[in-house]
Amino acid sequence: MIAYLSGKFSYKNPAVVYVDVNGVGYEVNISLNTYAHIEKLAEGKLFTYLQVKEDAHTLYGFFDTLEKEMFVLLIGVSGVGAATARMMLSAMKPEEISNAIVMKQTSVLESVKGIGRKTAERLVLELKDKVSKLSPASAGNVLVNNTFDQDALNALIALGISRPMAEQAIKKTLMSEPSINSLESLIKKALRAI
């Protein structure tokens, strides 16, 4: 319903921010990850998710779409509510959660308050295929500033390779053959490295 809010941050703390949009103040629940990005900003844009319950309408805000997409995936898993998902995004970056799920590192997920062994296993089981489809354009990673690497990463993800595996294959390929200057050869060699 509300895709994003853009305005002045009239009040901020690590859990909540008030966004003044043309004189209307919205109370938005945020993660520590988002707070770290907006802490020094006077105004900005937050992507939002409106949770409607019988007793409350709660607005959650995210610095980028990757974090929002991860939040939506997390709350889609039985036993993971909005508070737990926000706790996970406060303890880990979306990429770290994604890596832990893809690599089946349940102990990493269990390190987050509120996530037990069964919930961690359920997260891995239900999300391992979905996290690889998260929007690569919104992800903040080492390869983003280099369009050559980014194009190769996007191509591998489009081919169905999970994001962490694709990133690892590209890094491995570029380390072993730093002189590669063709996108096609980088993709082919990265595919062989998987």
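How many aromatic pairs does the structure hold? It holds 5, where rings of Phe, Tyr and Trp (its six-membered ring) pair if their centres lie within 6.5 Å, with planes under 30 degrees apart stacked, over 60 edge-to-face and the rest tilted. This is a predicted model, in which local features need pLDDT of at least 70 and side-chain atom pairs count only at pLDDT 80 or more, while totals for chains, interfaces and linings use all residues. Residues are numbered from 1 along each chain as its sequence is written, and side-chain values use heavy atoms, without hydrogens and water.

**Aromatic rings**
- Y49 and F71 form an edge-to-face pair, with ring centres 5.5 Å apart and planes at 65°.
- The rings of F62 and F71 are tilted at 45°, with centres 4.9 Å apart.
- F71 is buried at 1% relative accessibility, and Y49 is partly exposed at 24% (buried means under 20% relative accessible area, exposed over 50%, partly exposed in between; 1.4 Å probe, protein chains only).
- Ring pairs join Y49, Y60, F62 and F71 into a cluster.

**Contacts**
- Beyond neighbours within four places in sequence, L109 is in contact (heavy atoms within 4.5 Å) with residues including M88, I97 and L123.
- N33 is buried, at 13% relative accessible area.
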